[in-house]
Amino acid sequence: MREITVAAVQMRCFDDVKKNIANAERLVRQAAGEGAKVILLPELFERQYFCQERQYDYYEYAEPAEENQAVKHFTGIAAELQVVLPISFYERSGNTMFNSVAVLDGDGTNLGIYRKTHIPDDHYYQEKFYFTPGDTGFQVFNTMYGKIGVGICWDQWFPETARCLGLQGAELILYPTAIGSEPILECDSMEHWRRCMQGHAASNIIPVMAANRIGVESVVPCTSNGNQSSSLKFYGSSFITDNTGAVIASMGREEEGVICASFDLDQMMTDRRNWGLFRDRRPEMYGNITGKS
């Protein structure tokens, strides 16, 4: 029996990087105090969601992992608290920039980096301006508490992400997220967003958790952003499923805090084997699909 408690952090993000890191640390410590050993923070939590607008100056936010403030700060926190912390950050590698996660093990070791595979481009989620599609492939990290697979936000809409992580032996699937209102589409995507990930959990028999931010973030018009005026209201609703896709812990749309859940990783491995979903896959049949009607 390998029982593990996991936690998702939900938080508001401000313009001040130091303030955001301090707030994230407070919530990580709260989760660790509740027994969590794997703690998930939201996507790009160091700052407000800068991808809402296009500003060349924001390219300066990108840094190598070893220079990023959040990665450096939480390396020590992970070791002190003996917790696993996937840290979302804006990564620069040479002349290329990625939306990345550095996975810090419970001794502070950086186990490696996953770079976001699927990059969205929509009104006020203008990520293709900032990020190159990831080149790492889907990554599963063998932490001291179990094998975790990490996707990033838009990755969570694609069943291929979760399946690839499951095939590599993931025991937990984590999605740091920044998602909220759709001002142009005029829809509330929260339930759709959540159901997608519930399906990934059910189809792979692996628990899924998503950590989102909250609050309204607004763009001030200026010459350098083409006088854009906009705002996004991030809808929180962070959650954890069990390995059947049932939501067993969740938060509302406006409060900060942490949610926790505990799992027996050995029992879930038995459940995956007994259901036979991985046994009965037919990948040789799937490759014939061309997408043409």
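Begin by selecting Gln-82, which takes a positive phi of about 55 degrees just after helix H2. Helices (H or I, at least four residues) and strands (E, at least two) are DSSP runs, numbered from the N terminus.

The model is predicted, so local features need pLDDT of at least 70 and side-chain atom pairs count only at pLDDT 80 or more, while totals for chains, interfaces and linings use all residues. Residues are numbered from 1 along each chain as its sequence is written, and side-chain values use heavy atoms, with hydrogens and water left out.

**Helix H2**

Next, select residues 69–81, the 13 residues of H2. The expected span of a helix is 1.5 Å times one less than its number of residues. For H2 this gives 18 Å, and the end C-alpha atoms are 18 Å apart, which agrees.

At the N-terminal end of H2, select Asn-68, which caps the helix: a side-chain oxygen of Asn-68 lies 3.0 Å from the backbone nitrogen of Ala-70. Then display Ala-70, Val-71, Phe-74, Ile-77 and Ala-78, the buried residues of H2. Buried means under 20% relative accessible area, exposed over 50%, and partly exposed in between (1.4 Å probe, protein chains only). Among the elements that cover these buried residues are helix H1 (17–33), strand S3 (85–93) and strand S4 (96–104).

**Asn-23 in helix H1**

Move to Asn-23, which lies in H1. Its relative accessibility is 13%, so Asn-23 counts as buried. Leaving aside residues up to four places away in sequence, Asn-23 touches Met-11, Arg-12 and Glu-256; contact means heavy atoms within 4.5 Å. With Glu-256 there is also a polar contact between the two side chains, at 2.8 Å. A polar contact is a pair of N or O atoms within 3.5 Å; within protein, one must be able to donate a hydrogen and the other to accept it, and residues adjacent in sequence count only if both atoms are side-chain atoms.

**Salt bridges**

A search of the whole structure finds 16 salt bridges, each a side-chain nitrogen of Lys or Arg within 4 Å of a carboxyl oxygen of Asp or Glu.

Select Glu-43 and Lys-116, whose closest N and O atoms are 3.1 Å apart in a salt bridge. Glu-43 lies in the loop between strand S2 (38–40) and H2, and Lys-116 in the loop between strand S5 (110–115) and strand S6 (139–143), so the pair ties together parts that are 73 residues apart in sequence. Both Glu-43 and Lys-116 are buried.

Now select Asp-135 and Arg-115, which form a salt bridge with their closest N and O atoms 2.9 Å apart. Asp-135 is in the loop between S5 and S6 and Arg-115 is in S5, so this pair ties together parts that are 20 residues apart in sequence. Are these two partners buried or exposed? Asp-135 is exposed, with a relative accessible area of 54%, whereas Arg-115, at 13% relative accessibility, counts as buried.

Continue to Arg-253 and Asp-188, whose side chains meet in a salt bridge (2.8 Å, N to O). Arg-253 lies in the loop between strand S13 (247–250) and strand S14 (257–264), and Asp-188 in the loop between strand S8 (172–176) and helix H4 (190–204), so the pair ties together parts that are 65 residues apart in sequence. Arg-253 is partly exposed, with a relative accessible area of 34%. Asp-188, at 49% relative accessibility, also counts as partly exposed.
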